[in-house]
Amino acid sequence: MALTLYVDKDRWRAHQRSVVADFPDLVPVCKGNGYGFGHDKLAEEVALHGLETLAVGTTYEAAAMKDRFSGDLLVLTPYRRGEEPVPLPDRVIRSASSVDGVYGLVGSRVVVEVMSTMKRHGVSPRDLGKLQAALDEVRLEGFAIHLPLDRTDGTDAVEEVIGWMDRLRAARLPLDTMFVSHLSSQELARLRQQFPQTRFRARIGTRLWLGDHGATEYRGAVLDVTPVAKGDRFGYRQQKAPGDGWLAVVAGGTSHGVGLEAPKALQTITSRAKGMARAGLATVNRNLSPFVWDGKQRWFAEPPHMQVSILFVPAEAQGPKVGDELKAILRHTTTQVDRVVDR
């Protein structure tokens with residue numbers, strides 16, 4: 001019995017085909033935990049679409065993926081001098097975000113990242129004059145810009161890209177290919193219209209693999225069910241049951257990512273209030289689990305264990321049985337499942 005990711009294969013692939021059709025020259029991204037599906041499965045999907053390039057996060061991921069995908073592999077993490085050398089085939093393309101990084105990749109295939117308003121990494125406008133000489137030593141595959149998801153100041157993503165295209169052109173740098181992230185198909189069409197000689201390639205992960213929420217569902221199997229009465233002690237810390245009901249042991253614990261939540265940007269008064277409420281409940285050992293049973297999200301009876309979670313199901317709910325599966329509301333990018341099942 002396992003924590004399982006169920007995939008409506010036909011629906012999932014139909015969504016992928018729609019994204020591939022909307023974004024010509026798409027570069028799919030497969031990094032981290034493979035967006036919950038795993039690297040093997042995503043490599044198979046990319047091959048099915050006949051796409052020529054796959055982006056990965058690190059050189060270690062590229063080394064693992066080289067035997068799963070036969071096309072070009074683009075490493076998104078920029079090269080840094082002194083990094084551990086990882087043997088990689090010539091079809092691997094490295095990213096560089098500084099002039100020094102380009103000089104460190106002599107003879108390699110390279111994509112140069114420019115600094116966007118993300119301010120994460122990238123070559124700055126003032127360094128463009130130094131870049132030409134460095135590019136003579138590498139095989140330039142193009143430039144790249146990674147854009148923010150939200151623009152709270154009302155600025156235009158396309159205008160930001162155009163600004164960089166103008167800077168690169170003024171520095172007499174080649175504009176053959178530009179890799180972009182977080183643009184819509186309509187925004188890409190605007191860029192292609194303005195720069196018809198440039199090949200724009202969208203790097204897409206989340207929208208491609210997770211854009212249709214209804215195509216996937218996590219479920220954890222019930223391994224054991226124990227009836228308890230109010231005040232009964234249980235668990236590692238021998239806490240008291242808050243009422244009559246059941247303790248349900250469910251597949252899915254901290255090793256799967258259950259109970260480990262990535263920080264969120266709380267931008268509204270409502271979201272901040274909810275965050276404060278959750279923090280307050282946590283101080284009295286009340287933590288809502290991601291598991292849903294009998295129409296309600298159920299409370300952890302105690303903090304999740306490595307491979308299982310123990311939930312408290314009150315007596316007024318339907319009693320769970322061993323072998324039942326509970327829907328789980330989990331974040332794909334932080335979850336490691338026991339199995340992926342197509343249906």
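Is Lys119 buried or exposed? Select Lys119: with a relative accessible area of 64%, Lys119 is exposed (exposed is over 50% relative accessible area, buried under 20%, partly exposed in between, with a 1.4 Å probe and protein chains only).

Before going on, note that this is a predicted model, in which local features need pLDDT of at least 70 and side-chain atom pairs count only at pLDDT 80 or more, while totals for chains, interfaces and linings use all residues. Residues are numbered from 1 along each chain as its sequence is written, and side-chain values use heavy atoms, with hydrogens and water left out.

**Two loops**

Stay on Lys119, in the loop between β6 (109-114) and α5 (128-135). Helices (H or I, at least four residues) and strands (E, at least two) are DSSP runs, numbered from the N terminus. Most residues other than glycine have a negative phi. Lys119 is not a glycine, yet its phi is positive, about 55°.

Next, select Arg172, in the loop between α6 (157-170) and β8 (177-181). Arg172 also is not a glycine and has a positive phi, near 60°. Its relative accessibility is 72%, so Arg172 counts as exposed.

**A buried arginine**

Now select Arg203 in strand β9 (residues 199-204). Arg203 has 7% relative accessibility and therefore counts as buried. Show its side chain together with that of Ser181: the two make a polar contact at 3.1 Å. A polar contact is a pair of N or O atoms within 3.5 Å; within protein, one must be able to donate a hydrogen and the other to accept it, and residues adjacent in sequence count only if both atoms are side-chain atoms.

Leaving out residues up to four places away in sequence, Arg203 touches several residues, among them Val27, Leu74, Glu113, His146 and Phe179. Contact here means heavy atoms within 4.5 Å.

**Between the domains**

Colour domain 1 (9-211) and domain 2 (216-342) separately; such bounds come from an automatic or database domain assignment. Their centres, taken over C-alpha atoms, are 38 Å apart. The contact takes 8 residues from domain 1 and 11 residues from domain 2.

About 780 Å² is buried between domain 1 and domain 2, and carbon and sulfur atoms give 57% of that area. Buried area is the accessible area (1.4 Å probe) that two parts lose on being put together, summed over both.

How many salt bridges are counted between domain 1 and domain 2? The count is 1, where a salt bridge is a side-chain nitrogen of Lys or Arg within 4 Å of a carboxyl oxygen of Asp or Glu. Finally, select Lys41 and Asp342, which form a salt bridge with their closest N and O atoms 3.0 Å apart.
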